[in-house]
Amino acid sequence: MIRFYIALWAAKLVDAILTLRGDRQNDRAGYIANRLCPDFMARVTKPKLVVAITGTNGKTTTSTLVCNMLRSKGKKVSFNEWGANINAGYSINLLRCVDIFNRCRVDASVLEADENSTCEGMPMIRPDYMVVTNICKDSLRRNGHPEYIFDRINRAFAALGGRTVAILNANDPISSELARNTGARRVFFGMDDIHADPLENRVKDVAVCPRCGGEIRYHYRHYRHIGDFYCTDCDFATPAMDYRASGVDLDKGTITVAERDGAATYPLMSDTVFYAFNTLSAVALFRELGYSRQEIADFLATQKVPKIRESVVEYDGIRYYAYAAKGQNISAASTVFEHLAKDPSVKELVFSLDEVQDANHPPETLSWLYETDYEFLNVPQIRKIIVGGHMCHAHRLRLLLAGVPEEKIVCVENEADVPQYVDTEGIDRVYVLYEIDFVTKGQQIRDAIVERAREVKGK
Amino acid sequence: MKIVENLFPELCNIFGESSSPAYLARCSDEIDLRQTNHKTVPAFVTEDVDMVYLGCSPESKQEQIIEVLRPYLGRIRELIEKGTIFLVTGNAVEIFGREIRDGDRVIPALGLFDFYSVRYMDRERHNSQYIAAFATEAGETITLLGHRSQFSFSYGDFSREPLASVELGIGMNPDTKYEGLRRNHFFGTYSLGPYLIMNPLFTKYLLRLMGLDDSLCYEREAMKAYEYRRDELRRTLH
């Protein structure tokens with residue numbers, strides 16, 4: 001116990017100093033707490049409500065929704081909105097829930113949880129609810145493969161037993177298998193066919209039935225492997241949904257969610273199926289927490305898509321986007337490519353997807369390029385693709401193998417030179433696709449392109 | 001026509017491995033690329049295929065593949081002795097060793113090579129790259145580039161039948177510079193992903209082994225990407 005209090009006080013002191021310096025979005029205090037007291041997360045007093053949100057994609061958006069909802073209801077919530085989602089992040093979150101006497105002073109903790117670290121942190125934290133948005137292909141270096149991530153999260157559920165309610169995606173053949181036979185109550189959300197008509201991915205997130213190795217087929221898919229699935233050889237299939245989106249109108253921005261005792265229509269904050277799923281998972285949680293349908297609808301009407309994902313500047317009739325694409329996260333990058341392929345506007349693309357730190361360290365793997373669906377980019381309305389950075393030759397080869405005509409590809413080693421290759425004549429949009437951890441860099445490239453367009457017009 | 005058989009792509013394409021045989025087929029119109037599902041009998045069992053490819057898989061599927069291949073062990077041995085090309089990448093090399101150890105579990109493998117592998121699933125995943133020298137029968141040296149990302153290492157005396165000698169990076173485990181397996185035209189490497197796209201010179205070598213013209217699909221761009229990466233690795237690997 002002495003060790004715990006030393007850790008608590010030391011971490012509190014460091015957190016206070018960092019906060020005074022204006023560096024509140026720093027999880028160093030959490031790191032110190034864990035170093036001084038390895039079971040800090042188990043010993044620290046928890047709020048009445050602890051919610052963890054994990055999964056490959058959508059956890060930041062979903063956890064932000066959860067935090068905002070609780071705060072809108074007057075709750076004091078501890079939340080790492082800057083994405084500190086591994087052990088140090090959990091500890092700083094929980095550290096800020098208590099005073100120096102380990103007395104809890106907030107109502108809830110919302111933890112965005114990196115899926116790879118759930119099996120270490122969650123058994124100590126013992127959340128009341130764990131939402132799993134999905135499990136998809138991600139960065140090889142960070143997350144290995146989906147089966148490995150499934151195993152990591154499932155170990156967390158196995159350790160938690162019946163303590164934690166599992167809120168799961170019924171349309172995901174991978175994550176819907178979580179928490180089976182663990183004693184946990186499993187709550188499923190899912191979606192009826194919305195005729196999303198997704199493109200086929202070249203590398204599958206789940207290739208065979210996890211129970212028998214048979215072939216997985218779909219009555220319909222929403223995106224990637226998410227859909228109404230069944231195995232050809234056993235009874236593995238989409239589980240019954242507790243929260244079923246029976247009507248989704250992406251154009252009107254509404255989602256109707258049916259429950260056992262009724263249904264309600266909620267506003268969506270974006271016109272993509274991914275945000276619809278994020279909203280649906282949050283609605284499932286809110287209902288489990290006892291909020292009324294009207295309360296949820298009123299809250300969702302106030303929400304907007306976080307700016308980090310995209311920002312747009314309009315100049316001379318052309319929209320210039322800086323657009324987060326998560327290089328190395330195969331499912332996220334392929335999803336962005338699919339979005340660009342389906343968008344009918346005439347456009348030029350700029351790739352700034354390399355992990356910047358890899359330029360001075362052993363270069364990143366090529367494998368993600370060959371798992372990601374570059375084939376989607378071979379459409380007439382994408383007029384040119386400018387690939388910048390130290391991986392530009394690898395991107396160029398990949399685009400050629402994907403069928404993109406040679407004359408559409410420009411390879412620029414020095415990203416500072418990118419703007420001069422953008423030709424705005426006759427196009428509607430320019431997209432700068434940037435690695436999500438480098439928002440500023442992506443926006444700077446976009447702004448330089450706009451600046452050059454101004455100069456050209458001025459002449 | 002030359003038959004190239006891609007074994008179990010539904011299980012062994014987790015990091016884009018199927019891009020390797022697909023690239024090979026795009027290099028020559030004379031290649032008949034066969035895709036074999038793990039629930040069907042492989043073509044190599046009944047036909048004299050020219051090349052067999054097996055890629056990386058999740059750990060649980062690795063065990064399944066061992067049992068799928070075990071009935072054909074004699075045939076695999078015969079084909080290796082005959083000089084049929086095998087290209088085996090990522091953790092698929094472990095399938096051809098003696099056993100895989102996973103905690104207290106010992107998973108018997110095919111036993112074609114005398115080494116064993118150990119999984120460290122609770123440790124940080126090992127990620128690294130290598131530059132290695134591969135010697136052809138003609139005395140030419142090809143620089144191979146590899147990328148590994150794995151939970152396991154292999155142990156044994158790899159000096160007898162190595163694929164290549166590592167110049168920068170590690171071999172079959174952190175304590176050896178011997179990388180991969182080679183017996184006649186059986187080539188195994190821990191490197192994963194699109195190995196033949198990453199190594200155009202090795203791809204040309206395989207095409208020549210099959211008696212085909214060794215021109216590559218997008219050869220100029222493939223060589224440019226390879227040379228750029230090789231130089232970058234030389235500069236950054238320690």
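1. A residue is buried if 20 or more other C-beta atoms lie within 10 Å of its own, exposed if 12 or fewer, and partly exposed in between, with C-beta atoms placed from the backbone. Of the 459 residues of chain A, 50% count as buried.

2. Some ground rules. This is a predicted model, in which local features need pLDDT of at least 70, side-chain atom pairs count only at pLDDT 80 or more, and totals for chains, interfaces and linings use all residues. Residues are numbered from 1 along each chain as its sequence is written, while chains are lettered from A and ligands numbered from 1 in the order in which they are written.

3. Confidence comes next. The model scores ipTM 0.96 and pTM 0.89. For chain B the mean pLDDT (the predictor's confidence in each residue, from 0 to 100) is 95. In chain B, 100% of residues reach 70 or more.

4. Now the overall form of chain A. Its C-alpha trace spans about 70 × 55 × 45 Å along the principal axes. A compact globule of 459 residues would have a radius of gyration near 23 Å, and chain A agrees, with 23 Å. That radius is taken over C-alpha atoms, and the globule rule is 2.2 Å times the number of residues to the power 0.38.

5. Chain A has 14 helices and 17 strands. These are DSSP runs, numbered from the N terminus: helices are H or I with at least four residues, strands are E with at least two.

6. Chain A is divided into domain 1 (2-300) and domain 2 (312-458); such bounds come from an automatic or database domain assignment. The domain centres, taken over C-alpha atoms, are 30 Å apart. The contact takes 17 residues from domain 1 of chain A and 15 residues from domain 2 of chain A. Two residues are in contact if their C-beta atoms, placed from the backbone, lie within 7 Å.

7. Look at helix α11 (residues 330-342) of chain A. Buried residues of α11(A) include A:I330, A:F337 and A:L340.

8. Finally, the two chains meet. 30 residues of chain B are in contact with 26 residues of chain A. On the chain B side, α7(B) gives the most, with nine residues. By class, that side has 13 nonpolar, 11 polar and six charged residues. Ala, Val, Leu, Ile, Met, Phe, Trp, Tyr, Cys and Pro count as nonpolar, Asp, Glu, Lys and Arg as charged, and the others, Gly among them, as polar.
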